[in-house]
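Work through the following exercises with the sequence and the structure before you, and try each task before you read its solution.

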Amino acid sequence: MEPGKSRLLDAVARRVAGHSLEGPYYTDRTFFDLDITAIFTRQWLFVAVDAEVPEPGDCSTVEIGPYSVIVLRDDEGGLRAFHNVCRHRGARMLDEGRGSVGNLVCGYHKWTYGTDGALRHAPAQPPDFDRDCFALKTVHVRSVGGLVFVCLADEPPADFPEVAARIEPYLAPHELRRAKVAARCDLVENGNWKLVMENNRECYHCDGHPELLRTFFPTYGYTRDSVPANLRQAHERYLRADAEMRATYERLGLPYALIEELHERTTGFRIQRDALDLAGESFTPDGTAACRRLLGDLPTPRLGHLALHLQPNSWFHVLGDHAVTFSVLPLAPDKTLLRTTWLVHPEAVEGEDYDPGTLTKVWTATNEQDARLVARAQQGVANPAYEPGPYAPTEYQVEAFCTWYLARLREELRP
Ligand code: 3BY
Ligand code: FES
Ligand code: FE
């Protein structure tokens, strides 16, 4: 076995369950490259929403390690994804970001591809040139209730269709496929992508989120018996709100049961409809809706939030009045892009039904607070004095993330 590989396998074997990972997982270029190969080229990744590419020709380009992928609505209204690499001499076709195209034209020598990826025109080639041999390379893509996932693997994880089928009924009433993008924010965090994910998987640090905690119950992640004394009052409020929400979900026929299979399967996920504090409608200072026009045909804004967490790179909060999606993309061992997107009903009018500032305020503040925590964590794990420490019981989803992650590394490194 190559020495590099055995060093990585040794690190994986050394890992003490229930403890954070060793420093090099977050700082070392070899681990970063392994993460791209073992995780980001193998798994289904959340990269966009249908609402970003509603019309034929609409496209969104996303960078995944050294890869660049075009997500595109084709002329028939179907979703497609292609490698952003021209089949002539490999030039990048589209810049990162969003746009709309009739055809995909390479800027170098004008090879021109249809929205189905077929090469339509290659100037000044000999008569026997076979255009059929040079279609854009495809990438697996699918929408799950309006959330767009791509997979760079030749053979994507076999359990994703089943996971999608279990998630879709929860998302369906919110009709995200028809929604519109109300706001978007790209935040580059000074930390490894795993620190961004781990931070999202616990509320142990949530007292750092005063705006979020107006409505987000800080008891998230605690069991009934483990709620600490300072959170007892919040827990009492949670229990009352939870009972009422369950009755609402039952009455409206909304799926709400917790499904939590974060490390038991290749596509780890967690989904749950859950109460919010105060008015219980949205992430606002008093909990009332931030958008007057509700998603889908929902009859009431008081629905709490549908929380969805997926390995390896995403989480979502889907409410009665809006949805907010989070996509995590690694840039370097110590740099990560967090892309946040807010969705509202397609006919919601800015300035009338919603104010973008109010809509985005809580998660913008929360993301910035989290980014500061992640940057501090990165500084600490890069310090030679760092050694892995024990997770608290309420950090069980961080442990699940690490367990899931290490299983993927083991699969990749298997001799
Ligand atoms: O966005 C989330 O779901 C996580 C869970 C707890 C902390 N953070 C808010
Ligand atoms: Fe694209 Fe030449 S590299 S047309
Ligand atoms: Fe946080």
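**Exercise 1.** In this predicted model, find which residues of the largest nonpolar core touch the most other members, and work out where the core lies relative to domain 1 and domain 2.

*Solution.* Begin with the membership: the largest nonpolar core holds 96 residues, and those that touch the most other members are I70, V71, F149, V150, A323 and L343. Next, ask which element supplies the largest share, and you will find helix α8, spanning residues 396–413, with seven residues. Finally, since domain 1 (44–156) and domain 2 (160–413) both contribute residues to this core, it lies between them.

**Exercise 2.** Decide whether A11 is buried, partly exposed or exposed, and list its contacts beyond its neighbours within four places in sequence.

*Solution.* First locate the residue: A11 belongs to helix α1, which covers residues 3–14. Then count its C-beta neighbours inside 10 Å, which number 19; a buried residue needs 20 or more, so A11 counts as partly exposed. Once neighbours within four places in sequence are set aside, the contacts of A11 are E22 and P24.

Definitions and conventions. Residues are numbered from 1 along each chain as its sequence is written. Chains are lettered from A and ligands numbered from 1 in the order in which they are written. This is a predicted model: local features need pLDDT of at least 70, side-chain atom pairs count only at pLDDT 80 or more; totals for chains, interfaces and linings use all residues. A nonpolar core is a set of buried Ala, Val, Leu, Ile, Met, Phe, Trp, Tyr and Cys residues joined through C-beta atoms within 7 Å. A residue is buried if 20 or more other C-beta atoms lie within 10 Å of its own, exposed if 12 or fewer, and partly exposed in between; C-beta atoms are placed from the backbone. Helices (H or I, at least four residues) and strands (E, at least two) are DSSP runs, numbered from the N terminus. Domain bounds come from an automatic or database domain assignment. Two residues are in contact if their C-beta atoms, placed from the backbone, lie within 7 Å.
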